Amino acid sequence: MTALKSGARTRAEAARVIDAVVSDGRSLDWALARSDEKVAPADRPVVHMLCYGVLRFHWLLRWQLAQLLDKPLKPRDSIVETLLAIGFFQLSDTRIPDHAAVSTTVEAARLLRRPRYAGLINAVLRNYVRKNISELEPADEEARLNHPAWLIQRFRTDWPDHWRQIIEANNDRAPMWLRINTRQKSALDYQTQNEIDGDLLAGVNGALKLRRPMRVEEIPAFDKGQVSVQDAAAQLAAPWLLARGGERVLDACAAPGGKTGHLLELLGPNAHLTAIDSDSTRLEGVRQNLDRLGQTATVLAADASKPGEWWDGKSFDRILLDAPCSASGVIRRHPDIKLLRRESDIQTLACRQGEMLAALWPLLEPAGRLLYVTCSVLAEENDAVIRKFLAAHGDAREDRVLHDYNIRDLMHDKNSGFQVLPGTQGLDGFYFACLEKVS
Ligand SMILES: C[S@@+](CC[C@H](N)C(=O)[O-])C[C@H]1O[C@@H](n2cnc3c(N)ncnc32)[C@H](O)[C@@H]1O
């Protein structure tokens, strides 16, 4: 196959994936998983790179398009607009030579059965370069900041001093973090013995940031379960529970099992962990993770807000509630969130989060600890949920002691709970509140 043909195939495939997100409201993970089944392994990195990049800069690219098109194309040809956005992204943000970016994108129109647009695509991409469109600074805020207006407003309201940091981090590419099972080996030994080019994070035992991402199959001892891929902010959750072997632990929203595996590593051989998730397909990921790590837990497809359907009546000493949320703290890893979330989702999510907390609280032993976690930076899903819960539950109090002094630098104190903002020392945005049951 010539370079032009294979280049055109990856552009056409990226356009289909992006269109599934933009026009059909599919998640990027869903669309890429289907695409990976069709695309040759060697082509997948290019398709992924184009999809992430174009979705990350969606509003800017669409604004640039408006500078070059007299009027929008017919809705049935929206995929041509997506192709143009792919062309712009290649021209402004990649090292792909301009002539290759143009010719592969033009050729992709033919593969997408839009040959009559080949001339227009060619002309628009050439104008993009000739008129230096990538250098223009849009007055339009959505285009300049690459976020929907409602989300920009939320960040401004909730984080008057930090909203720009959040937006910049969201528009950046996320680093790859490893979690080393320090029961087997210290992170420093793992890094040194495997000559890994990366940085350890003080205060987060086992967290190693790679300077260059690698494919999972290339990660030394990954298949032996010595190491997992997990953002360092997510690695804060399991130790925060202060769980010990022999205690009964519930991981209430477990899939795909990142924190379940970490908890089991910390609990050691005498672990009694129940991992539940309402999504049985995602729960398969937990089982695979545990197999790889050589760990065991009771894994149940169950609804955390309806313990009456699955709970055996024996209290838990520790509960981790890693609640479903807007994921507004991990936008850099999931840029489609900016397109898929609606402002009205936030209130719905906050109600569900409050219901789950209230439903799980009676399952906690007196003096037990429940850690509430989200990967959101929005107050409505975080401190507002916890404040409301504390006001309604006289037997709950917040433990505000940060047991590891070193993580204080990562945290923003909220009235209730603590927030890590995205981009802080390369971390994702996560919220934590630790509740104790007063005996
Ligand atoms: C943030 S993710 C959990 C990530 C996981 N703890 C990890 O570290 O890999 C939230 C999970 O909550 C699950 N979920 C949503 N509603 C639920 C419910 N009512 N009961 C149990 N799990 C639920 C979702 O299926 C999703 O897997």
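This is a predicted model: local features need pLDDT of at least 70, side-chain atom pairs count only at pLDDT 80 or more; totals for chains, interfaces and linings use all residues.
1. Local features need pLDDT of at least 70 and side-chain atom pairs count only at pLDDT 80 or more, while totals for chains, interfaces and linings use all residues. Residues are numbered from 1 along each chain as its sequence is written, and side-chain values use heavy atoms, with hydrogens and water left out.

2. S328 sits in the loop between β8 (316-322) and α15 (337-340). Helices (H or I, at least four residues) and strands (E, at least two) are DSSP runs, numbered from the N terminus. S328 counts as buried because its relative accessibility is 2%; buried is under 20% relative accessible area, exposed over 50%, and partly exposed in between (1.4 Å probe, protein chains only).

3. Neighbours within four places in sequence aside, S328 is in contact (heavy atoms within 4.5 Å) with F155, N170, C375, S376, V377, L378 and E381. With S376, the side chain of S328 also makes a polar contact of 3.0 Å. Such a contact is a pair of N or O atoms within 3.5 Å; within protein, one must be able to donate a hydrogen and the other to accept it, and residues adjacent in sequence count only if both atoms are side-chain atoms.

4. Around the ligand are 19 residues, of which D277, R282, D303, A304 and D322 come nearest; a residue is counted if one of its heavy atoms lies within 4 Å. Helices α13 (258-267) and α16 (343-360) each supply at least two residues of this shell.

5. A polar side-chain atom of K259 lies 3.0 Å from a ligand oxygen atom, and a polar backbone atom of G258 is 2.9 Å from a ligand oxygen atom.
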